[in-house]
Structures are given as C-alpha cells and as structure tokens.
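Work through the following exercises with the sequence and the model open beside you, and try each task before reading its solution.

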Amino acid sequence: MGDCHYLYGNVATEKRIKFMKQLLEFVGIEGERLRRKWVSSAEAPEFVEEITDFVNTLKALGPSPLKREQKPDQPSAKVAVA
Amino acid sequence: MIEKVIERVKELLEGGEIKGFVGLCNKNGHTAPYLFTEVAELDHLVVGDFQNPGDARYPLNKLLIDLYRAYPEEKFGVLVRGCDERGLNDLYVWNQLTPKNVVAVGIPCPQELADACGCPKPYPDNSVAEPIAEGAEAQDLIRMEALGVKERFTQWMEVFSKCIKCYGCRDICPMCFCKECSLELDELIPRGEMPPEIPIFHLVRAVHMAGRCIDCGLCNEACPVDIPLRTLYKKVGDIVYRKFNYRPGFDKGKSPLNVLENK
Amino acid sequence: MTNSVDEFELSDCIFITGSNTTSSHPIVATRILRAKKKGAKIIVADPRRVHIADLADLYVSHRLGTDVALLNGIMYVILDKGWENRAFIEERTEGFEEFEKVIKDYPPEKVAEITGVAEKDIETIAHWYATAERGSIAYCMGITQHTTGVDNVKTLANLAMLTGHIGREGTGVNPLRGQNNVQGACDMGGLPNVYPGYQPVTQFQIKEKFESAWGAQLSDKVGLTIPEMTSGLLEGSMKAVYIVGENPLLSDPDASHVEEALKRAELVVVQDIFMTPTAELAHVILPAACFAEKDGTVTNTERRVMRTRKALDPPGEAKTDWEIIADLSNRMGYPMDYSSAEEIMREIASLTPSYGGITYERLEGEGLQWPCPTKDHPGTRFLHKDRFVRGKGLFHAIEFKPPAESTDDEFPLWLTTGRLYFHFHTGTMTRKSGALTGEIDEQYVELNPEDASQLGISTGDEILLTSRRGQIRAKALVTDRMKKGEVFASFHFVESNANILTNPAFDPIVKIPEYKVCAVRVEKAAS
Ligand code: SF4
Ligand code: SF4
C-alpha cells in the first residue's frame, strides 16, 4: 500500500471500496458485486484467476437487481425527459 | 429561550464583537433566514418553531460560508442547534470557515424534535441554555437494517423512482460546498433526464457526503417527494464510524475519506 | 381548482389526466404521492407515459384526443354497475336523463376500440374512482388544449357529479394552473368577456358599476380572443397589438402565421422582462420588472391570493407593469394616479365580490383563498359545498368528436406537444439559466421504438418533422414513453419550434387551440 503509481490512489480506493460495499448492501445490492484486488501489470495469471473467480461469484449471484429494473424495450437513451 | 438568544446577540452586536448575526426572522407571517445587523431588528428574531419545534430550520451555516467568502475579515454570529454546531466544527476542518470569524449562539432542542431526528446529541456545547433532551436512537435506520437485502432494494428503488432531480437535497445541504458538483457530470449521471438515473444519482451524492454529513436532516425535509434521505445519510455516517472510527463534527481531525491530504 | 392542494392528501382515489404532475406541478405531486403512501389509488390516463404514470397504481394510455370517449366509457361502467351517487344526482344536479342517454352509447367494447385502452382497465378506473370515499380529479393542459377542450372539461365535471365527488374535502375537479398567476390574471378580467371576478361585460348593471367607479364610458361588447387577434391582424381589421408578458411567436400555434400577422401590424408593443423573439418584431419595447422587483399579489391554482414583496429595484429603465400601464393611460388622457399596488388592491376588493374581503393586512402569512366576500370571511378551501354557483349542477350530454385534423399517408403520425421538466414555456427565462441549459438545451422529438426502427431512426439522429403547416429539424429520442403512432415535441426551443407545426384549429367556445394533436411526418434528415 502507498507505493501506487498514482501516489495515494490505492489508499483512496481501498477506503472507498470499503465504504461502497456497505452502502450497496444497505440499498439492497449485494456487496460481492463490487470487488477490489491489487494486481500489477506483470501478473497476468493472477489477473485471469481473479476475473474468473469474480465471474463465478457473479454467476452464482444471478442477474443484478438493477438489470431487472430496466425495461427490455427501453433503449439506452441519452435523455428520457418527462 | 428566545429571550436568552436575543440577549446574547444584543450583547455581541452592541459590543461590536460581530458585524452581523445570521439567524431566523419572523416577518409578514413567514420565517426565513436573515442577517441581523441592528439591535432594533432583534424583535423579529426567532429560533424556528413555526407550528412544531424546529420545523422552520434553514442551513444558516451555508449562508455564513457565503458571507465569509465575501467578507473574509469580518466576524459574524450564527444561530446553531446541536447539528449546526457539528456542521461548524466540520466546516472549520474543511477550511470553509475559520473559528476566529464565527461566534456561535447555541440553543438546545426539545425531546420531541430530538426523537423525530433520531439525533445523538440534540444540544450544542456552546449554548445559551442547558440541554433539555437526551440523545435519541435512529429508529428508521434500525427498521431498514432489519429488512432483507431484496426488500431493501425494492423499497429504495421505489422511493428513488419518485425523484424529480430538483437538486433540493444538494442545494440545502450545509455541508455541500464544492464549486463543481459531481451530480452535474454528464459521464456519471446523464444530464437532461427526469427522473435521473437511479440509484446512481442518490449513491453518487451519498458517497460524496461520506465523512462530511453531520446528520442535520435538512435534505430529507427539502425533498419534495419525501424520499427518506436522512435514513440513507444516517447509514453513511454509520459506515464511516464503524469502518473508520470517525464522526464528522464530533471527532477532531480530517475525515479519513478526505484522501487529498490524508495520504 | 374546486379544492385545495393539500386536500389531495385526504383523497383515497386520485384520477390524473393530461397532467405531467411530478414534472409540471411537483408540489401538487408531493400531496398526491403522500395520499398514495396512505393507501390511496392513483390512476393516470395520458397518451404519453409521463413520470407520474410510473408511480401510479394504474396507468392507461389512450389515443390522443379520445378523452371524451374514455371518460364516457368509464361513466357507462359506473351506471351499468350502479356505482353512481343517486342521492347527489337527485338533490344537486339536473340534465341527468339526457346525459344518461348519451352515455348508453359508450360501452367498454366500443370505447376500447376508440381509445386503445383495455376494457378491464376502463372497468377498474370506474370501480376505484366511483367507489372511493373521496375521489379527486386532477387535470391540466392535456385536457384543455384541444378543439374539444370544453367538452373534455365538462365531461370530467359529469364524472365528478355522477359519483358525488365534489363539494367535499378531498374531492373535486382540479385544473392545475400552469403559471404562478394565471388564475390571478383570469380573476382580474384578463379575458375578452369579463371584468374582474368573472363579471360579464355584456351585463348592463355590471357595466354601469364599472363605469361609475372608473368615471368612463365602457363597451358592452365582448373583445377578441388570441386567434381572432391573429386573424384580425392578417385581414387588416386590427392594426395594433400590445403584448404583455407573452411570446406568441413561440407559444401560439402555427407560428409562421403569427409571425406574418405581427409583421403586418402597424404597431407592435411588447412589455417583457427579457428580449424575446416576439419583442424582436416590436416597434416599441417596454422593459418590465420581474417578480422580485415589485410588490403585489399572485393568485395560485387553489385560488389563494398571496403577497409578493419587492426585494430589489428594477434594473435600468424597467418599471412594474402597473406603473407602465398607468403611465401610458395618463399620457393617453385618462388619469390613473395610483400610488401603490396596495391602493389598486383596495379598488379590486371594492369592485370584485369574490375578492371583497381581501386586504394586504389579511394577506400576511399564508394568504387567503377566494371567494372571500367580506372582511370577516375566512376564505374558501373548497367550492360547491352545498350548492353550485348556478344552483344545480348541470350534466352535459357530450358525444366524442375526433381531433380536427386526421392522419393520412402523407402525415401518418400524431404529434402532441408539451413542456420538459427543465424548461418553462418558451424558454425566455429558463434558457438564460446555465443550470437548466446544462441539463438540456435542444429539441428532442420523442418517438416509439417501433416507429423509429421502421423509419431507420435512432436516438440522437437528426430528423425532420413536418406537418401541413411547416417543418422543423430536431434530434430524435427513441423511448417507450411514446406509444406507436404518436410523437412528442416541446415548445421551448425557438430554433426548432414545435408550434410551427401545431394546428391553429380551436375550441368553438373558449378558442383554445389544439396544441395537443396534429398530424405529422417524421423522416431522417440528410446529414
Ligand atoms: S443530513 Fe443531508 S443536508 Fe444534512 S449534512 Fe447530511 S446530507 Fe447534508
Ligand atoms: S431533493 Fe429529493 S427529489 Fe430533489 S433531487 Fe434530491 S432526492 Fe431528488
């Protein structure tokens, strides 16, 4: 920690993720949907492993509740002014 | 209580200690924020009990910030309740105000208001009168936390979907002082949409208030569609306390989430 | 409004039609949503799926201009099931038999055919509204801006009388006024046929009363409506026009025609707070003071007269409206020597029975709701308590009439117009605010995904929108807020003005134009 290319970037991220996971839980979005892992650009296998594991976690959780909220025929409109 | 407040403000104005007093004024059948500069005007000073205790509260500290920016050399007085005092403490930490420019005149809140707010400390340290109420528990938060994750999702999405993007919650917040606001960033929350994208709009604001919200509940009162924002922000405060052992306005020092200078 | 805004909280069924309530009347919506939280049923009927439709217990999307058919269908069900309020009908109304005959002609099958609303939904609306303890109706321009505007309103009144949902707290037929003081402007006689307080210009005693108060000879002829003025200018029977706080170049239908009319006028005077497109055509511009620069009152949608107070001096040469009018009158040889807005209020009270008891002193705080005929009258929260103004409430037998214009091969889609949340009317004020233009500052025409894909149009594409009167260019917004066959445009943007397209055909009685329906064609613009 602290030896981040972006100076204190990883310190900030660490704290925000900690906070965000809890906030998401509170509004009903499983905290496991947010994950943080430190992987350097030289650690390809670790990256692959982490992503695979994350995908598995997400699959086990099923579709995001937010996805269900979206109406199927609603295009990702830039504006939907009512 | 109001007599004591008036007495104190009179003293401050007459002694020339403050240039003016940011308080509440009752005129023409309305209560509104007002900058008192003359002793003669103090007849109209009120503490903001319109029909019920504390139902005419305003973000006086926010007005104080504007005054401070315009007159950085002058000293002003301000009417504070427990939450407002927490706000002042935190605004000093964030360098939005300095203690040498501010004289707080505090009033304690009655139990009825403390209970309605679920306020942990319904009185300022610096007060014209002794506390008259004890700290209360945040019932709404306890109730919400008792629900399952799915139920919480349904309930929050239901209330967020009422949002009309009036920005009232932000505009009234005494702790919102940034010059540029993330809520207006097209990349985060597409502009021109009504309702705004949910829950992103509300979560972006919540994240930015972490370590800053002093639990005054004004956002909740301002919201025209009755979104229980205070419950959300109580949780924000709760997370910051449990995870980082920090309570804005109570604890000394900078917020642990203020990463800019907190390497 | 027959009732007050806070009374919505007491209703247990609220029927909203032709109103984008959360967007255009957020504070009214606050009350409606609180009622919902307490268990009230919220019904929304609107051709466009507006924000409040998403919050409703039942939303139906009837075809544009089929309001009377839908409402008659609802009333058919009410009568069929015996849910009408017999006691109310007998004691307080007349004309029921005639009305009933017409309603018999609108069975749900037929109405579903005309409106596109499912029979079971028509039945549910009838059930919820008629069997509610306190049913309330809220409507707005979606009801009035039609060639059948008066028919639509009368039909809503029929519905309220049929069920007895009027004259009690939490009930009523409630038009939501679109501006802070449009109620006040009408109350003050800003209409061609009445003096303040809706006293007819054609009545001899009324005319005499005003003649003696004002010491002047007055006409007993009804004046001109806006469409009549436009055609008057075009024909040359009218030579001059004095426009106060309006921007007809954008706000009137068939804008090219309006522009032509104003260009023909020998004299155009515009009084406004900002330079507007209409003011640009004027020979004389009179700068006016804005709300914060003057004392006075406004009367809001619930008939509440409220004080406004001057906080700043008007900039430059700007003056308050009453000072400009008095000044003009003095120079024209009729002296008006009022010294303050309060003095004018005293005159209003002396000549307007419904404002008779209103004084500035009594307006401190919350203000007063008219009728307030005497100094000790507390004001009136809801109207028609024990009797209607005319005595008995009159049922009108009203048949459905289709919109003035129809679609064909050349103009196959229906266009409806309205406001966006972030702007007000012709944008003369809101388009000067960075906070609002930062949200949105250009015309997006909303169309249904099916229509869009048929036309090969996606969101953000430049399109051309053409009616029998003109053409505009705008961006497309593909959204299921619109149903197939209908498109929406706002009238805020002068560079892409929806009122170039709209149909100036108007209601035969009140002359309100059919802003809400006309036939158009949409095509992708050549890039
Ligand atoms: S309670 Fe709301 S208004 Fe008060 S500080 Fe927290 S976020 Fe701001
Ligand atoms: S005050 Fe309420 S409605 Fe307004 S932006 Fe905030 S959450 Fe949305």
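**Exercise 1: two domains of chain C**

In chain C, the centres of domain 2 and domain 3, taken over C-alpha atoms, are separated by 29 Å, the domain bounds coming from an automatic or database domain assignment. This is a predicted model, in which local features need pLDDT of at least 70 and side-chain atom pairs count only at pLDDT 80 or more, while totals for chains, interfaces and linings use all residues. Residues are numbered from 1 along each chain as its sequence is written, chains are lettered from A and ligands numbered from 1 in the order in which they are written, and side-chain values use heavy atoms, with hydrogens and water left out.

Task: describe the contact between domain 2 and domain 3 of chain C.

Solution. Begin with the bounds: chain C is divided into domain 1 (5–179), domain 2 (225–369) and domain 3 (413–524). Next, take the contacts (heavy atoms within 4.5 Å), which involve 17 residues of domain 2 of chain C and 19 residues of domain 3 of chain C. Then turn to the buried area, that is, the accessible area (1.4 Å probe) that two parts lose on being put together, summed over both; between these domains of chain C it is about 1400 Å², and carbon and sulfur atoms give 67% of it. Within domain 2 of chain C, Leu250(C), Pro253(C) and Asp254(C) lose the most area to domain 3 of chain C, together 41% of what that side buries.

**Exercise 2: two domains of chain B**

Solution. Locate domain 1 (2–117) and domain 2 (139–255) of chain B, whose centres, taken over C-alpha atoms, are separated by 25 Å. In this pair, 16 residues of domain 1 of chain B are in contact with 26 residues of domain 2 of chain B, and the area buried between them is about 1800 Å², with 56% given by carbon and sulfur atoms.

**Exercise 3: the shell of ligand 1**

Task: how many residues around ligand 1 are nonpolar, polar and charged?

Solution. First list the residues near ligand 1 (one heavy atom within 4 Å of it); among them are Cys173(B), Cys213(B), Cys216(B) and Cys219(B), together with Arg205(B), Asp215(B) and Gly217(B). Sorting the shell by class then gives 8 nonpolar, 1 polar and 2 charged residues, where Cys counts as nonpolar, Asp and Arg as charged, and Gly as polar.
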